[in-house]
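This report describes selected features of one protein model and the ligand placed with it. Please keep the sequence and the structure in view while reading.

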Amino acid sequence: MDQSKEQRILNSVSYNAVKGDPESVLNCIDKYCGQYEWAMNVGDEKGIILDKTVEEADPTVALEMGTYCGYSAIRIARLLKPNARLLSIEFNPEFIPIAKEIIEIAGLSEKVTIIEGHSQDIIPQLKKKYEVETLDFVFLDHWKERYAPDTILLEECGLLRKGSILLADNIVYPGAPEFIKYIRSNSRYECTSYPTFLEYMKVEDAMEKAVYMG
Ligand SMILES: O=C(NCCCCCn1ccnc1)c1cc(-c2ccc(F)cc2)cc(O)c1O
Ligand SMILES: [Mg+2]
């Protein structure tokens with residue numbers, strides 16, 4: 001059976017990256033996807049915005065929705081302080097072993113827990129099953145039509161606290177209009193838009209930061 005694009009990305013990382021060096025894993029993925037096969041990693045340009053937001057949040061517990069190959073999980077986890085952790089939700093079972101291997105090569109397996117399933121099923125389990133009190137940082141990068149309902153669900157499950165920072169990818173392309181409508185019209189959030197470009201392309205995109213004010 002022919003290998004998948006995600007398997008080819010893993011092959012490239014496994015062959016070219018320096019084991020235990022997150023930066024070299026990120027550079028390898030960005031080179032491969034920039035030169036050979038486009039893939040939906042947040043990428044090196046939007047990755048800077050993600051880095052800055054994670055540094056601002058300095059999270060003890062972070063959540064990501066949309067693991068894919070683990071690129072953004074590595075970007076986030078490499079910035080976490082000791083004993084801080086990232087939970088990453090992925091729906092597609094094909095991606096999970098690949099993400100796990102790539103995160104392992106980056107030397108960050110201890111900091112990242114990948115949870116397989118639908119975000120709407122997992123979010124209500126975070127407190128009891130995953131021992132989460134509240135989330136300090138949330139990166140939304142999964143199905144774009146799930147951004148709004150899952151944000152509401154995070155609120156309803158008491159997972160956000162004063163100052164929790166949400167960052168959403170792909171606000172312009174593919175777009176998340178319902179999320180933007182919800183978050184910008186809700187006085188409980190302080191929103192900031194970051195115009196940028198789609199990963200590896202000269203196509204406009206944007207990221208939206210939303211700070212929950214409680
Ligand atoms: O669809 C995206 N991500 C979700 C993938 C499925 C998530 C599954 N899941 C995980 C947890 N719960 C559900 C996405 C797409 C694009 C894109 C851009 C241009 C284009 F021509 C085609 C696609 C760029 C991104 O940056 C993206 O993030
Ligand atoms: Mg994305």
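## Helices and their buried sides

In helix α8 (residues 147–156), the buried residues are Y147, A148, D150, T151, L153 and L154. Here buried means under 20% relative accessible area, exposed means over 50%, and partly exposed lies in between, computed with a 1.4 Å probe and with protein chains only. Helices (H or I, at least four residues) and strands (E, at least two) are DSSP runs, numbered from the N terminus. Just after α8, G158 takes a positive phi of about 65°.

This is a predicted model, in which local features need pLDDT of at least 70 and side-chain atom pairs count only at pLDDT 80 or more, while totals for chains, interfaces and linings use all residues. Residues are numbered from 1 along each chain as its sequence is written, chains are lettered from A and ligands numbered from 1 in the order in which they are written, and side-chain values use heavy atoms, with hydrogens and water left out.

Helix α1 (residues 5–16) consists of 12 residues, and the distance from its first C-alpha to its last is 16 Å, close to the 16 Å expected at 1.5 Å a residue. The expected span is 1.5 Å times one less than the number of residues in the helix. Which residues of α1 are buried? They are E6, I9, L10, S12 and V13. These residues lie on the same side of α1 because they cover an arc of only 160° around the axis; the arc is that of the directions from the helix axis to the C-beta atoms. An α-helix has 3.6 residues a turn, so residues three or four places apart point the same way. The buried residues of α1 pack against α2 (22–35) and α5 (95–105), where contact means heavy atoms within 4.5 Å.

Y15 also belongs to helix α1, but Y15 is exposed, with a relative accessible area of 73%. Between Y15 and C28 there are 13 residues of separation in sequence and 9.5 Å in space, C-alpha to C-alpha.

Helix α10 (residues 177–184) has the buried residues F179, I180, Y182 and I183. Their arc of only 165° around the axis puts them on the same side of α10. The exposed residues P177 and K181 are carried by the face of α10 turned away from its buried side. The cover over the buried residues of α10 includes β4 (135–140), α8, β5 (160–168), α9, β6 and β7.

## Two buried strand residues

D136 lies in strand β4 and is buried, with a relative accessible area of 11%. A polar atom of the D136 side chain is 2.9 Å from the backbone nitrogen of T60. Leaving aside residues up to four places away in sequence, D136 touches A57, P59, T60, V61, R161, G163, S164 and I165.

L160 is part of strand β5. Is L160 buried or exposed? At 10% relative accessibility, L160 counts as buried. With residues up to four places away in sequence not counted, L160 touches T134, V138, L154, E155, L166, Y189 and Y212. The C-alpha atoms of L160 and I114 are separated by 20 Å, and these two residues are 46 residues apart along the chain.

## Backbone details

A cis peptide bond, with omega about 5°, joins Y173 and P174. P174 lies in helix α9 (residues 171–175).

N83 has a phi near 70°, which is a positive value in a residue other than glycine. N83 sits in the loop between α4 (71–77) and β2 (85–90), and N83 counts as exposed at 75% relative accessibility. Y200 is not a glycine either, yet it has a positive phi of about 60°. The loop that holds Y200 runs between β6 (189–197) and β7 (204–212).

## The surroundings of ligand 1

How many residues surround ligand 1? There are 16, and the closest are D141, K144, N170, Y173 and E199. A residue is near a molecule if one of its heavy atoms lies within 4 Å of it. The table lists polar contacts, meaning pairs of N or O atoms within 3.5 Å; within protein, one atom must be able to donate a hydrogen and the other to accept it, and residues adjacent in sequence count only if both atoms are side-chain atoms.

| Side chain (polar atom) | Distance to an oxygen atom of ligand 1 |
|---|---|
| D141 | 2.8 Å |
| E199 | 2.5 Å |

Taken alone, ligand 1 exposes 630 Å², and the protein buries 79% of that. Accessible areas come from the Shrake-Rupley method with a 1.4 Å probe; for residues, only the protein chains shown count as cover.
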